[in-house]
Amino acid sequence: LGYTAFAPEGALPALVSALDDPAPAVRAAAASAIGRRATGGDRPSDPVKLVMRLGDSDVGVVRAARAALLAADVAVLPAWTAICDALLAERWPFLETVTEAMAPVLLGALAEAARDPASNRRRARIATALGRVATPESRVALEATLSDGVPAVRTAAAAALGQIAQLDSAAPLMAVLDHLDPALAAAAIGALEAIGLTTSKGSAQQDLRRAIGEALDARVAEVRARAALAAGRLRDVNAAPMLIARLDDGSPEVQLAAEAALTALGDAAVPALVAAYGQGQLRLAAGRIVVRLIGEAATRGAADAILALGVTLKDDDSTIRRLSADAVARGALAQYRPALLVRRFDSDADVRGAAYRALAALGESQAVLVGAAGDPAAVVQSTVAVSADVRALGMALANGSATAATGPEGPALILQAAMVGRLGSAGRAGLCAALRGCEVPGASDGLASLAESQGPEVAIAA
């Protein structure tokens with residue numbers, strides 16, 4: 001077909017089509033035949049297919065394509081030569097410096113029909129490189145490559161579309177979100193996130209966020225985790241309830257991603273967090289995360305979160321109570337002073353310590369704070385600085401080896417020891433009796449709880 005004197009009509013289009021043949025020998029023969037016809041005056045109207053073959057993995061095809069271009073009087077650009085030589089020599093770092101002028105050669109390399117392992121690795125690298133060349137032709141080719149039969153190639157194509165970040169790519173990327181290949185779906189989510197961060201069109205943003213939100217229910221954990229992170233970076237407030245549900249996900253990776261996303265949403269997620277806590281449908285670990293996020297929002301001044309702390313301070317879970325007390329301390333929320341005074345006598349030592357720390361942050365008087373020295377738990381005692389004599393007296397009261405205390409710090413030490421000390425009924429009743437006539441902030445609530453929870457001897461004394 002390369003001989004113009006003998007070839008039938010339509011020979012040139014057939015030869016151009018043969019440049020895409022799977023066999024390198026056929027591609028090389030086709031390029032040589034096109035060059036021979038060009039020498040005889042029958043030149044291709046568009047040499048782009050020959051230029052694309054400069055990206056071929058077979059050196060024979062490349063040589064034939066170069067010769068055909070010269071025969072057709074097509075000037076071979078230095079950029080074509082540079083990328084062609086780099087590909088043949090497998091100088092992969094060169095792909096990090098590609099330019100738009102090199103795009104036709106790269107597109108030829110991506111479209112090569114060979115599917116052996118080496119070619120597949122090469123095509124994946126080419127797909128990645130095309131993400132740095134934001135031409136319409138590159139984008140269209142990468143979109144078509146999303147359906148490639150080689151997982152590494154299609155995944156690289158999806159990631160490359162994220163580098164280009166053109167809104168026109170959103171539809172084909174959304175189409176692969178439910179693909180059975182989780183790596184492809186995760187890469188597509190990353191690309192949609194990149195597009196969402198660069199587009200200002202409101203309707204397009206909504207479509208992107210909706211698609212990513214739906215991916216939170218994907219079958220594969222890797223995809224759900226990637227979707228969660230994307231929702232957070234896109235500040236998708238509407239995804240907050242779905243992200244909260246993912247705190248209970250069976251995959252730790254997804255749980256961490258959901259927590260990071262909710263943290264990124266910040267105060268905008270507070271209404272959903274408060275609602276989720278109120279419904280009480282989350283497992284304990286997830287509920288603790290929700291309360292921690294509420295606490296962080298409260299320290300930033302979020303009104304809904306501050307209000308919610310009034311409930312979380314009374315939660316049945318000690319960790320949630322501690323987190324709430326810590327949030328009150330960080331936010332200096334003085335309205336919760338009465339609740340903290342009660343939490344000094346919590347059944348959990350960590351909560352008692354957090355309550356004392358919060359009271360100190362609120363500027364509570366030393367007459368109250370010194371009570372921590374009368375607690376049997378070291379984690380509570382360490383929250384206050386007192387003299388060695390006061391600390392020894394507090395420990396003695398808490399352990400039942402002392403029954404009275406004088407001085408300004410005495411009432412607070414006695415109250416703490418009476419409430420939580422390691423005492424029998426008689427010892428506790430005795431300390432209650434010693435409080436007669438004393439004034440200690442929060443004592444009434446504490447003694448009332450003793451009266452309700454202890455035996456008759458302690459109850460009567462309280």
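In which helix is the place of N120? In this predicted model, N120 lies in helix 7, which spans residues 117-130. The relative accessible area of N120 is 14%; because the cut-off for burial is under 20%, N120 is classed as buried. When neighbours within four places in sequence are set aside, the residues in contact with N120 are A114, R115, V150 and V153.

The buried set consists of A103, V105, L106, L107, G108, A109 and L110.

In the pair formed by helix 2 (residues 24-39) and helix 4 (residues 59-71), the axes are 8 Å apart and the packing angle is about 15°. Angles under 35 degrees count as roughly parallel, and helix 2 and helix 4 are therefore assigned to that arrangement. The crossing of helix 2 past helix 4 is left-handed. On the side of helix 2, the contact involves P24, R27, A28, A31, S32, G35, A38 and T39, which meet G60, V61, A64, A65, A68 and A71 of helix 4. Sorted by class, this contact between helix 2 and helix 4 contains nine nonpolar, four polar and one charged residues.

The pair formed by helix 25 (residues 410-420) and helix 26 (residues 425-434) has axes that come within 9 Å and cross at roughly 150°. Because angles over 145 degrees count as roughly antiparallel, helix 25 and helix 26 are described as roughly antiparallel to each other. A left-handed crossing is found for helix 25 and helix 26. Helix 25 contributes I414, A417, A418, M419 and V420 to the contact, while helix 26 contributes R428, L431, C432 and A434. The composition of the contact of helix 25 with helix 26 is eight nonpolar residues, one charged residue and no polar residues.

Definitions and conventions: Residues numbered from 1 in each chain as written. Predicted model: local features only at pLDDT ≥ 70, side-chain atom pairs only at ≥ 80, totals over all residues. Heavy atoms only, no water. Helix = DSSP H or I, 4+ residues; strand = E, 2+ residues; numbered from the N terminus. Buried < 20%, exposed > 50% of the residue type's maximum accessible area, 1.4 Å probe, protein only. Contact = heavy atoms within 4.5 Å. Axes fitted to C-alpha atoms, helices over the stretch in contact; angles between N-to-C directions. Parallel < 35°, antiparallel > 145°, perpendicular 65-115°, else oblique. Left-handed = near helix turned anticlockwise from the far one by under 90°. Nonpolar A, V, L, I, M, F, W, Y, C, P; charged D, E, K, R; others polar.
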